[in-house]
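User: I'm new to this one and would like a careful walk through it. Could you start with the surface?

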Amino acid sequence: MYAFCTYFDQRYLARGLALYESLKRHCDSFLLWILCMDRASYEDLERRALANVRLIALEDLERNDPALLETKSQRSLVEYYFTCTPSLPIYIFQRFPEQNMITYLDADLFFFSDPAPLFDELGDGSIGIIAHRLPSELRYLEVYGIYNVGWITFRRDQQGLACLRWWRERCLEWCYDRVEPGRFADQKYLDRWPELFSGVRVLQHKGANVAPWNVKGYKLTLQGDQIMIDDQPLLFYHFH
């Protein structure tokens, strides 16, 4: 069983539900942890009682991580959401010791195929990340980060946990919606992971994290009912 986590508030509820439905369609066995960023989204999802979903209230995450809560008054709403990103997988690892691996997903992803090839590619790696894969004319956008936060896998091992803790500490120190040297929100920190941590795998499957910023770099075709990205099936699209 694959374990995923994501977060959203009521404004992103429709996207989060679409993500869930796409996983249900294409992933035979999964568990999706949803951090509800407001009471309205929690109550809506609680009423739905979705299979394979476990809900986390924002106040439970904050109670578990007082240092995170201390940053709330210092940041805009979206900046605080960014700050929460690394704290969510840490919370799951701490509270649920049976989870040996967790994959964070942005709520605006939509799956078109089984994500199993990404876990096969990760192999025994501790951390799985995906580059933005910008075409040459958009390479200037790497000022926001070489890698995208949309999909990140962490294994519960020495390197995976060390990376998560380091990321959380950096986000607590600084996590703002602006570019400064070496940092932007929660994302630019990923640039340093391959040099800081062993076991980082930069996943290469072309069908992963196809997005508005990179889709023009691929040839899209239809084989039966399968969308192909060059010669590989589309795994998920990042609607952004």
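User: Which residues form a nonpolar patch on the surface?

Analyst: In this predicted model, Val-143, Tyr-144 and Val-179 form that patch, with about 220 Å² of accessible area together. Areas come from the Shrake-Rupley method with a 1.4 Å probe.

User: What does Val-179 count as at 35% relative accessibility?

Analyst: Val-179 counts as partly exposed because its relative accessibility is 35%, and that class lies between buried, under 20%, and exposed, over 50%. Val-179 is found in strand β8, residues 179–180, a strand being a DSSP run of E with at least two residues.

User: Switching topic, in what order do the strands β11, β12 and β13 form an open sheet?

Analyst: The order is β11-β12-β13, with antiparallel pairing, where two strands pair if DSSP finds at least two bridges between them. The edge strands are β11 (220–223) and β13 (232–233), each pairing on one side only. Strand β12 (residues 226–229) pairs with β13 over 2 bridges, and Met-228 has Pro-233 in β13 as its bridge partner.

User: How reliable must a residue be to count?

Analyst: Local features need pLDDT of at least 70 and side-chain atom pairs 80 or more, while totals for chains, interfaces and linings use all residues. Residues are numbered from 1 along each chain as its sequence is written, and side-chain values use heavy atoms, leaving out hydrogens and water.

Note on methods:
Patch = residues over 30% accessible without salt bridge, like charges linked within 9 Å, V, L, I, M, F, W, Y side chains within 5 Å. Salt bridge = Lys/Arg side-chain N within 4 Å of Asp/Glu carboxyl O. Helix = DSSP H or I, 4+ residues; strand = E, 2+ residues; numbered from the N terminus. Buried < 20%, exposed > 50% of the residue type's maximum accessible area, 1.4 Å probe, protein only.
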